[in-house]
Amino acid sequence: MLDHFIETGTLSFPPSFVLGASTAAYQIEGGAREGGRGASIWDTFSHTPGKTEGGATGDVAADHYHHVEEDLELMASLGLDAYRFSISWPRVMPTGEDEVNPEGLAFYSNLIDGLLQRGIQPVVTLNHWDLPQALEDKYGGWRGRETAFAFEKYAEVVGAALGDRVAIWSTHNEPWNNSFSGYGSGAFAPGGTNHEDALKAAHHLNLSHGLAVQALRRTISRADAQVSVALNIFRVEAETPADADAARRFDAVANRVFTGPMLRGVYDQDLFEDTKLFTDWGFVLPGDLEIAHQPLDLIGVNYYEVMHIRQAPGFVPGTEELGGSAFPGSEQVEFVRRGELERTGMDWGIEPRGLEDHLVALSEEYPHLPIMVMENGAAFPDEVTEVDGVRTVIDLDRTAYLVSHAAAVHRALARGANVVGYIVWSLLDNFEWAAGYGPRFGIIHVDYDTLERTPKVSASWVRELCDSRAVPELAVGALAPTQQQ
Ligand code: GCO
């Protein structure tokens, strides 16, 4: 791995600050029909023609299932404090309920042992969208209330089996994508396009979160274990004061639909008002909110960019469409593409100031809850090259993104935000859902033909970050002119 590109910065993090990298089961594992794994809704969706770019599936992905030892050694070479990954529910419980697959549990138990042997703390997500297909068939997936209770049992099984060693648990990753992209816009599995279904799924994800927190509290035994949820709480900014209501509307249906129940125990009245065209929320039963609102040890926040919002010009209230767009009532909202911003390979705006302000604002809103950035990173096209005989990817754009966002986290800390960690998305190039394998987020390149792993310059940066516990500057000058892209 190349390391003469990096100089240690002066922005240092507290000794307890958690630095790591992140992945998700369906995006990296492969082994889709091995080890007793059952089908997930993403197996079904990705195998449905037209649903993913080029018909990409997670059948092989980065083949982590057969590269665990190598990947563990790579993580150790980076000096990670923590590795965030998800457990594939259908690998542990092939039908999502009843039968437990011992081979599936053993896979994760061995992974966790391998991490701990290398001094790396396991940060485990129970649900990163790969719901067992059997529960979609039997209960309508997250549209069905029964799925919330099946999730509770799954949490109990995994908590009992792995709860002596896991450091941080997250019940869900980005329930917004799980519900609105999965049942509202049709962009993600299982491909539903009905707003009431999306809101019903959102509620059952809230309910299941509370049930799973209770199940984990009953079963985990590691004394310092922490329980959380990872939310892509959007950083929402109105373009002008006249756009304030559009920003409020987006914040209600994209953020507060989850933070309300999970962090405050309520659904806000404006959310009900904004969505009354689509549902009467009759699926919220007495006691659900009390269950959803469980004490948490920290909140995971996934950040990529700022959502600049304005009122959609010419919108006529009452003409909202039923389904098809990303979320209910979004027809009144427009996302502004700020021309002055540099952009990632997925055309996301690069705005580290947004992360700094977001962390400060969230910390002020939830002063009792430590915040961990559980995902931050960028997709850029990569090319494998050789420098001094060493295979690498000179991904200066990704490294610069990480430098600027880690510095933003440091500034938020300096402003008093209670931030306890920064986890990079992603350890490996992986299956980027409907976008397939084009977008590469990894700090380690994966050749999808040979499955060869190649650490990028950004991996060197992460190693320097973990080693020095300061934000390394990118010493581009160290690159010979011929090596600079
Ligand atoms: C998400 C998911 C990840 C994505 C990553 C890049 O935040 O959407 O947690 O699975 O791959 O964020 O889109």
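Leaving aside neighbours within four places in sequence, R256 is in contact (heavy atoms within 4.5 Å) with R248, D251, P261, R264, D268 and D270. The structure is a predicted model, in which local features need pLDDT of at least 70, side-chain atom pairs count only at pLDDT 80 or more, and totals for chains, interfaces and linings use all residues. Residues are numbered from 1 along each chain as its sequence is written, and side-chain values use heavy atoms, with hydrogens and water left out.

R256 belongs to helix 10, residues 244-264; helices (H or I, at least four residues) and strands (E, at least two) are DSSP runs numbered from the N terminus. With a relative accessible area of 15%, R256 is buried, a term that denotes under 20% relative accessible area, as against over 50% for exposed and values in between for partly exposed (1.4 Å probe, protein chains only).

I41 is placed in helix 2, residues 41-46, and counts as buried at 2% relative accessibility. Residues up to four places away in sequence not being counted, I41 touches W129, L131, P132, Q133, E136, A189 and P190. Q133, one of the residues touched by I41, lies in helix 6, residues 133-139. Q133 is likewise classed as buried, at 14% relative accessibility, and its contacts beyond four places in sequence are A39, S40, I41 and T44.

Four bridges join strand 7 to strand 9 in the parallel sense, and A238 stands opposite I309 of strand 9.

Strand 11 pairs in the parallel sense with strand 8 (residues 299-302) over four bridges, where G300 is opposite M372. Strand 11 also runs parallel to strand 14 (residues 419-425), to which three bridges join it, and V373 has Y422 as its bridge partner there.

The largest pocket holds about 900 Å³ of space. Of its 42 lining residues, W176, N177, F234, E305 and W348 are the closest to its centre. On a 1 Å grid over the protein atoms alone, a pocket is an open set of points with protein on both sides within 12 Å along at least five of seven lines, where a 1.4 Å probe fits, and lining residues have an atom within 4 Å of a point. Grid points are joined across faces, edges and corners, and the volume is the space filled by probe spheres set on the points. Helix 8 (175-183) and strand 9 (306-311) each supply at least two residues of this lining. The lining comprises 22 nonpolar, 10 polar and 10 charged residues, where Ala, Val, Leu, Ile, Met, Phe, Trp, Tyr, Cys and Pro count as nonpolar, Asp, Glu, Lys and Arg as charged, and the others, Gly among them, as polar.

Terms used:
Pairing = 2+ DSSP bridges.
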